[in-house]
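Subject: Structure handover

Hello,

I am passing on the structure that we spoke about, and below it you will find notes on what was found. Please read them with the structure open beside you.

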Amino acid sequence: MSWAQHGQSETRWGLVQHRRSGDSTEGHVFPWFGLDIGGTLVKLVYFEPKDITAEEEEEEVENLKSIRKYLTSNVAYGSTGIRDVHLELKDLTLCGRKGNLHFIRFPTHDMPAFIQMGSEKHFSSLHTTLCATGGGAYKFEQDFLTMGDLELCKLDELDCLVKGVLYIDSVGFNGHSECYYFENPTDPERCQKLPFNLENPYPLLLVNIGSGVSILAAYSKDNYKRVTGTSLGGGTFFGLCCLLTGCSTFEEALEMASHGDSTKVDKLVRDIYGGDYERFGLPGWAVASSFGNMMSKEKRESVSKEDLARATLITITNNIGSIARMCALNENINRVVFVGNFLRINTISMRLLAYALDYWSKGQLKALFLEHEGYFGAVGALLGLLDSA
Amino acid sequence: MYWPGGSLTKLAYYSTVQHKVARVRSFDHSGKDIDNEPLYEISVQEEITARLHFIKFENTYIETCLDFIKDHLVNTETKVIKATGGGAYKFKDLIEKKLGLKVDKEDVMTCLIKGCNFVLRNIPHEVFAYQKDSDTEFRFQTNHPNIFPYLLVNIGSGVSIVKVESEDKFEWIGGSSIGGGTFWGLGALLTKTKKFDELLQLASKGQHTNVDMLVKDVYGGAYQTLGLSGNLIASSFGKSTTADKEFSKEDMAKSLLHMISNDIGQLACLHAKLHNLDKIYFGGFFIRGHPVTMRTITYSINFFSKGEVQALFLRHEGYLGAIGAFLKGAEQDNPNQYSWGENYAGSSGLMSTSPDVYPMQRTRSGTFDMLEMDRLERPLVNLPLLKDPSTYIPDTVDLTDDAMARKYWLTCFEEALDGVAKRAAASQPDSVDAQERAEKFRQKYWNKLQTLRQQPFAYGTLTVRSLLDTREHCLNEFNFPDPYSKVKQKENGIALKCFQSVIESLDSLGWEERQFALVKGLLAGNVFDWGAKAVSDVLESEPQFGFEEAKSKLQGKGRSLDLDLDGPPHKCALIFADNSGIDIILGVFPFVRELLSRGTEVILACNSGPALNDVTYSESLIVTERIAAMDPVIHSALRDEKLLLVQTGSSSPCLDLSRLDQGLAVLVRERQTDLVVIEGMGRAIHTNYYAVLRCESLKLAVIKNSWLADRLGGKIFSVIFKYEVPCK
């Protein structure tokens, strides 16, 4: 199953229209898309205009209408495309138009099918620009051109990410705060999710956890840089889980992790020293060696798949926390925003990041999170489209 | 002292070693027929020196190990044994029961750092950098006089990052749970391979690109236009996000190795940056003697620091904890107040280039490895006149680097070995087991040479000096403290008889002629060198070969010497003497006498212990006394302390100006030494040929080796006369 097959069965597409499609709003032709093609996932944001006049409706070309209907009336596309309905931003005003912003994702390996679908739906006839960011914007550029007769407008990843974060935070999440943090992260009893006002965001460390991890430091709207990155990211968690547990989806891996006990897999400080290692101020519960217990044959035989999934999650999360903390210290920044799809439905990691940052910095660093976790690059790409007059 | 950790147990103990030393003592000649008596008496005595022993065992041999300790502790008053490491808990009961001693647990990290400071200070060529595309993988570093501050990253099952600021001040600044235990534990789960070494072997054969998602996998072919390296890993294990594909063990192990090494390197660099440090020493079982991990860690450090931070490794990394635990136990005796020297005879070197090449040696080093350090009688320091002690390298040719030179010299030492063994046996005609010991010596040194052929870096940078020193250490090991003692005695006696006539003929010359004759004599004397094979052949076959013949053998016409002897006299000259006999008595002493007559004070430095036919400090005392009896200039200079005899602190035929007796250094400073004369092939060619001093220096030697002569573009018995004036 793929995008294309599904799309095909869904609608009959009209032939090429000779008129300029859609309505131009301040020079921007509908449809408005933003695309972020990552190593594992493709993120697509779609702006659905809700202020279409009868006249406009009348003039709207068939192709455009069917795309709009297709995207907004479904929550799943093919076997792998999903619209995150809970993230939809309602009654947004963008470039003078009112509408809803939709958030859709599908695996990068289905990209050819997606392009195929675009081709079959004669997307190119709409004469719109498709703005894309992420490595895949380069990788699939040629495919878009040859298979879909579409020229991609490639946008810089960092620009898109920063732009997207600032924009979504500024418009808020349907009346709620986009940004939040965990209060009392070190106390499981009293730990709670609370809104955070990111009105004055700078300076800010932005940690984007996708398949790999990128860490950016933003000092102002136009002044930001990539500090470093690590290859130990969401892809590592998922990849190792597949090898260790035989699971096949990220959700499955997380579900397993939520039922496991990592202390059976990891060697803790107290396993080595019998308690805290006071000389260095290391608490007994701290992990001394990730997967350290697995050096022993008996212990390897006594752990469950869930334990292994949990340990993998804890290992990757702690490591990201640790690198982020060192970057924050080196850059002299005390607010760290974690984004990226690794955090989707992943409360374990978010709480752990909040905890780790607070604990190891003795309360100096604050971990912040955003509701639209992995979509900021795509949002930035959409904004890039609208900026290009 | 005892230090279990990982799968190896390391123990350190202190012993006193009894071995034979040669002593010389002046006869009381009153009323005797001097002419027919030897110059002085040679005796062999037992001497006790302190030695530190460090041994590594695999934990499976724990019982054997404890028996071993027990045997060595019998005679001591020890009631408490020091143990560190997580394993100290594991084996505590066993140790207490077996040895009847109380186990005192020491802090691992304190011990590790104490040990690290100790080796950094006492073992030349302790530190090396790993270099990938080179004939030799290890690049050894000159010991910097100031070792602090540094970052120590210990990769055991987890990772500890410690900043060391001084002997007693260090701080744990961070760590990571992703370490050796992760590689081992996760690796065992992924590949069903149980042993750490086997996992590394798997990793060295794998292709991580089959498992990792690379930048080029994400960007397609377009990464080049973005200035990215397509081979960078975007996501470790990013390609294994599928349930229906099989991955090879090798590929997964390799990916895991890269993941862990990169992560550690990145964190280490972030810490180094935060604390503004540019040197990181890596240790722990993850690193220990494994070129595979040294390579990946070095790569990672270079990548993340953009070359600003250097990844460094230690030859004796595996012993640090044991050394530290020992030092801590011996604090009342403070071993830090002494200088120590690595005993090449007793130490097994750094093993293996790659796990595949020498599996036998790897196994051996994993099972039983040792390091021996001899306590030196006196502290060793830099020559205060070295221009830049931190860049001073004593050795002229790095044989680890220069494969052709290495081959030549190893063969040369192999060929000379039978002769050396024969001479050693002959030097002790009264000993019943001399033949047997000589054969053992021959075997041991032969084996060392074979090890060095395979692993030139086993004891640090391989040099002619280290080859010579190893030979001396091996001779000592089998109680041949001074095989040349009788030869030296005889030659000193003969030369003394000629002293006065040489002086008379020199005094009869005009000033300029005399200067020339003095230098020529200095060089001719240097021909008498039993260490050089070409010369020992001549000396063996023509026992009456004399000073005049030697002068005639010298290559090269009398060219005018540019040594500035007609300028204002030097304040004080430091002379490093070479051989006994004609060299010191007819070559050096007339030169000393000339300097003294010009009003220049002279410090004459001779070796503390014997090496070949080099004149030792105690021999020099007797020789000087005898010359003083004949010569008023020397006599009054000795009396007025214008001529001072000192020992170098060394027992090597070569000369390391960064490890000299403290007394010598003090005197050099006090007397405002402004001229340094270094004589002989070992001291002025094999070492110090390129040494830069802050004062005038004269390096002279006769090249008594045709290969070396060839290499330097001359003939055998060519003369090296290198007079250097420091730039103003």
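**Around one lysine in chain B**

Lys722(B) touches Tyr689(B), Tyr690(B), Ser697(B), Leu698(B) and Lys699(B), leaving aside residues up to four places away in sequence, where contact means heavy atoms within 4.5 Å. This lysine sits in strand β24 of chain B, residues 719–724; helices (H or I, at least four residues) and strands (E, at least two) are DSSP runs, numbered from the N terminus. The side chain of Lys722(B) also makes a polar contact with the side chain of Glu724(B), at 3.5 Å. A polar contact is a pair of N or O atoms within 3.5 Å; within protein, one must be able to donate a hydrogen and the other to accept it, and residues adjacent in sequence count only if both atoms are side-chain atoms.

Please keep in mind that this is a predicted model, in which local features need pLDDT of at least 70 and side-chain atom pairs count only at pLDDT 80 or more, while totals for chains, interfaces and linings use all residues. Residues are numbered from 1 along each chain as its sequence is written, chains are lettered from A and ligands numbered from 1 in the order in which they are written, and side-chain values use heavy atoms, with hydrogens and water left out.

**Where the two chains meet**

Chain B brings 51 residues to the contact and chain A brings 52. The area buried between them is about 4300 Å², with 67% of it given by carbon and sulfur atoms; buried area is the accessible area (1.4 Å probe) that two parts lose on being put together, summed over both.

How many salt bridges does the rule find across the interface of chain B and chain A? It finds 1, in which the side chains of Lys273(B) and Glu331(A) meet at 4.0 Å, N to O. A salt bridge is a side-chain nitrogen of Lys or Arg within 4 Å of a carboxyl oxygen of Asp or Glu. Between the two chains there are also 16 residue pairs in polar contact, both residues being at pLDDT 80 or more. On the side of chain B that touches chain A, the largest share, 9 residues, comes from α8(B).

**A salt bridge within chain A**

Over all chains, a search of the whole structure finds 44 salt bridges. In one of them, Glu251(A) pairs with Arg344(A), the closest N and O atoms being 2.5 Å apart. Because Glu251(A) lies in helix α9 (250–258) and Arg344(A) in the loop between β18 (335–339) and α13 (347–360) of chain A, the pair ties together parts that are 93 residues apart in sequence.

**Backbone details in chain A**

Two cis peptide bonds deserve a look. The bond from Phe30(A) to Pro31(A) is cis, with omega near 5°, and Pro31(A) is found in the loop between β2 (28–29) and β3 (32–37). The bond from Tyr202(A) to Pro203(A) is cis as well, with omega near -10°, and Pro203(A) belongs to the loop between β12 (192–195) and β13 (204–209). Asp91(A), in strand β7 (residues 89–94), has a phi near 50°, which is a positive value in a residue other than glycine.

Best wishes
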